[in-house]
Structures are given as structure tokens and as C-alpha cells.
Amino acid sequence: WSPIPGSAPGRAGWSLEQPARCPWMGRMRRVLRGLSQPNILSFCEQKRMSPWSEQGSTVGLQPAAFFRGKTMLLLMFLRCFLTSGCFWVSPQKKLVEDFRELRATVERMGLLQPNHIFFILYLCHILMLDVAAWLIIWYFGASLVPFLFSAVLLGTVQAQAGWLQHDFGHLSVFSKSRWNHWVHKFVIGHLKGAPASWWNHLHFQHHAKPNCFRKDPDVNMHPLFFALGKTLSVELGVQKKKFMPYNHQHKYFFIIGPPALVPLYFQWYIFYFAVQRKQWVDLAWMLSFYIRFYLTYLPFLGVKGTLGLHLLVRFIESNWFVWVTQMNHIPMHIDYDKNVDWFSTQLQATCNVHQSFFNDWFSGHLNFQIEHHLFPTMPRHNYWKVAPLVKSLCAKHGIEYQCKPLLTAFADIVHSLKDSGELWLDAYLHK
């Protein structure tokens with residue numbers, strides 16, 4: 001639908017007279033002109049047009065329930081399919097049905113129900129590490145060894161608080177969304193000094209279309225800093241674009257990647273984000289972290305020492321965060337969105353790392369990245385329980401289920417960057 005000049009959304013004047021860009025658009029207009037809202041909802045369900053019916057089935061919503069009584073929202077939703085040329089139809093209906101059955105099985109097994117004791121203990125271990133870092137400086141003084149040991153503990157606090165806020169951000173701890181949002185603001189705001197709204201804005205896009213260029217913000221470093229994915233790297237070379245010496249990106253990744261992301265970018269951008277979007281509550285939570293941190297360590301370390309400690313903690317956190325989050329995605333398929341079904345979209349963009357007590361703790365259970373992406377609201381302590389079921393479904397449909405050792409996963413990041421850089425160079429010079 002395109003608005004008739006002078007009309008406003010939600011009022012009379014909206015038209016179906018947009019010129020067709022493909023045969024599907026004309027067909028859709030002819031069908032929808034004569035349908036009432038209930039019939040449109042039925043049409044959506046039949047044609048699998050809603051991300052909640054297939055690609056978003058993990059959130060447990062259906063289009064008929066979601067759009068009932070929301071006529072204008074429904075019209076705006078359908079409009080995106082007209083303007084994009086056609087709507088999505090599942091190419092693998094059997095796979096989609098099997099995943100729906102798996103989802104129902106997961107619910108029957110109670111795997112979406114959290115263990116609150118697990119999360120309470122997890123939060124307590126973070127707070128204990130935070131207190132221990134201060135006690136070391138208080139008791140042993142500000143000499144080099146206590147300073148470094150305290151920085152390591154505080155870096156661990158930041159990394160582990162990052163995994164915990166991730167749980168609350170995914171609404172996987174409490175049954176009520178409001179409670180998850182409240183605690184999420186405390187953990188990411190007061191314990192980490194970042195805005196919850198910023199995380200939500202980026203992370204939900206990532207889960208909807210992982211490794212899809214221009215839809216997943218996590219791959220926005222292509223092409224300004226890195227050439228990612230085989231297809232995109234070749235395309236960049238053919239277009240003779242060179243923002244960086246991509247054939248050396250597996251080397252400068254160690255400079256501008258893990259060490260620099262948090263202290264040189266996130267650390268400052270989050271303030272711009274909160275102010276620019278007027279997220280004053282988030283900004284207040286962020287400031288509470290900085291006030292607490294500097295008031296706690298200034299008496300012992302002074303201004304320069306406290307600032308140095310803060311930057312060192314961010315440096316440790318940044319390395320930890322980048323290696324863990326990118327080991328599951330950068331080595332995987334990165335391309336434009338192909339509008340495939342939810343299950344295939346997640347499996348081609350994610351891989352797992354072997355389970356162990358250390359790997360689970362070190363990565364915040366994101367070593368089960370496949371299960372996390374398939375069931376984003378599932379509490380992390382249940383990933384290992386659903387993993388065999390996901391493996392079986394992959395084997396049934398001939399889909400690769402990748403799982404590797406931790407160090408191999410780290411090395412694959414570098415290898416994939418080297419491979420895509422070489423593909424770019426070959427296309428740049430010879431195509």
C-alpha cells in the first residue's frame with residue numbers, strides 16, 4: 001500500500017494501487033482487495049507470511065493471534081512484502097513442520113522453564129568477584145601485582161556480567177517480561193555501564209537475520225574494516241573496492257579487533273546512543289556504574305591509577321567478548337539475506353563449541369550457539385538437553401551441525417579472515 005497524498009497512516013486514503021514489481025505483487029493485491037481482516041489473517045497463515053509463524057516460531061507467537069484487532073499494524077506489515085517485491089514462502093515445508101514439532105516437544109519437556117537458583121548463584125559469583133577485586137587493592141595496596149590481579153578479576157566480572165545480562169535481555173529468567181527488563185537494566189547498566197536499549201536495538205536484529213549483510217549489525221564491519229564471507233569478499237573485489245588491505249586482515253584483526261572494540265568504540269558510542277535516543281533511564285544506570293567504580297578506587301589509586309585500571313579492565317573484557325562471540329559466527333556463512341526458513345537461517349550462521357564446565361562458564365553457555373539461536377528464550381542451563389534433539393533434526397534433513405574444540409573455534413576466526421581476504425585480492429586483481 002502507498003499513501004494517497006494528504007492522507008495519514010491509520011486513516012482513509014491508503015491505497016493498494018502501487019505498481020507491481022513482480023507477479024506476486026499483482027496477485028497479492030487482487031487477493032487482498034476482497035478480504036476482510038480475519039480472512040487476511042488466514043491468508044497470512046496459509047502463505048507463511050509472518051516471521052512469527054516460521055522464522056520467529058521460537059517466540060511462540062502466531063500471526064492470527066498477534067495481529068487480531070490491529071488492522072493498521074497488519075496493513076503496515078503486509079506492505080513490507082509489497083515493497084520488497086514478493087513475500088516469503090518456505091522452500092522446505094517438511095523441515096519447518098519438523099521444527100514446529102521440536103518446538104512443541106521442547107515446551108512439553110519444560111526446557112523453557114528457568115531454574116532461578118542457577119541465576120541467583122550466577123549473580124552472586126559475579127558480585128563476589130567484584131568485591132574480591134576491591135579487597136585485594138584495599139589489603140595489599142596499589143603495587144603492580146595487586147593492581148594486575150584486581151584488573152583480571154574485574155575483567156572477569158565484566159565478561160560474566162555480559163553473559164548474565166544476555167540472559168535477562170532474552171527474557172529467559174523470569175516468566176514476566178517486565179521483571180526481566182528491570183533486572184536487565186541493573187546488570188547491564190549498574191554492573192557494566194552500558195544501556196539496555198542499545199543492546200536490545202542491536203542484538204534483536206542479529207537474532208532475526210544472523211550473518212545477513214545489511215540486516216545483522218554484527219557484520220557491519222564489512223566492508224569498512226574487514227571483508228567477510230566468500231560471496232561478499234569476491235563481490236567487493238570485483239567492484240574494485242579497497243577500504244583496507246583485506247589480504248592482511250587476519251593480521252590486523254589482532255590490533256583493531258579483540259583489543260580495541262570495547263575500549264575504543266563501545267566505551268564511547270554507548271553514551272552517544274543513550275543521549276541521542278534520549279534514553280535517560282539507561283543513562284542514569286550507566287552513570288551509577290562509573291560513579292561507583294571511581295568512588296571505590298580513587299582513594300587507593302588516584303585519578304591516573306583509577307583511569308588506568310578502568311581501561312585495562314575494558315581491554316580484558318574486549319578480548320574476552322570478541323573471541324567468544326565471533327568464534328560462532330565469523331567462520332560461518334555470511335551473505336545477503338536469502339529468505340530461507342528459520343531453522344536453516346540459524347544453522348548456516350552458527351556453530352557450537354564442545355561442552356565442558358570451563359567452556360560453559362567461559363562463554364556463558366554460548367558454546368551452544370546453535371541451540372541459543374533456535375530457541376532464544378530458552379534458559380541457558382537447558383541447552384545441553386535440547387542439543388541431541390537438534391542434532392537428530394539436522395541429520396534427518398542433511399544439515400551440517402558443526403561443533404568444535406574451543407581453541408579450534410578461535411583459530412577458525414583467523415583462518416576465515418585469511419581465506420576471505422585472499423578471495424578479495426584475487427577478485428580485485430583478476431576479475
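Here are some questions and answers about the structure above.

Analyst: Quick ground rules: this is a predicted model, where local features need pLDDT of at least 70, side-chain atom pairs count only at pLDDT 80 or more, and totals for chains, interfaces and linings use all residues. Residues are numbered from 1 along each chain as its sequence is written, and side-chain values use heavy atoms, with hydrogens and water left out.

User: How many helices and strands does the protein have?

Analyst: Helices (H or I, at least four residues) and strands (E, at least two) are DSSP runs, numbered from the N terminus. Going by that, the protein has four strands and 18 helices.

User: What share of the residues is buried?

Analyst: Buried means under 20% relative accessible area, exposed means over 50%, and partly exposed sits in between (1.4 Å probe, protein chains only). Of the 431 residues in the protein, the buried share is 49%.

User: Is leucine 236 buried or exposed?

Analyst: Leucine 236 sits in helix 10 (residues 230-238). Leaving out residues up to four places away in sequence, leucine 236 touches His222, Pro223, Ala227, Lys241, Tyr246 and Trp424, where contact means heavy atoms within 4.5 Å. Its relative accessibility is 4%, so leucine 236 counts as buried.

User: How far apart are the C-alpha atoms of leucine 236 and leucine 425?

Analyst: Along the chain, leucine 236 and leucine 425 are 189 residues apart.

User: Which helices do the buried residues of helix 17 pack against?

Analyst: Helix 17 covers residues 383-397, and its buried residues are Tyr383, Val386, Ala387, Val390, Leu393 and Cys394. An α-helix has 3.6 residues a turn, so residues three or four places apart point the same way. The buried residues of helix 17 pack against helix 5 (93-108), helix 14 (342-349) and helix 16 (369-374).

User: Which residue with a positive phi follows helix 17?

Analyst: The phi here is near 70 degrees. The residue following helix 17 is glycine 398.

User: How many disulfides turn up in the whole structure?

Analyst: A disulfide is a pair of cysteine sulfur atoms within 2.5 Å. Cysteine 394 is buried at 0% relative accessible area, while cysteine 124 is partly exposed at 35%. The search of the whole structure gives a count of zero.

User: Which helix holds tryptophan 138?

Analyst: Tryptophan 138 has a relative accessible area of 48%, so this residue is partly exposed. The helix holding tryptophan 138 is helix 6.

Note on methods:
The expected span of a helix is 1.5 Å times one less than its number of residues.
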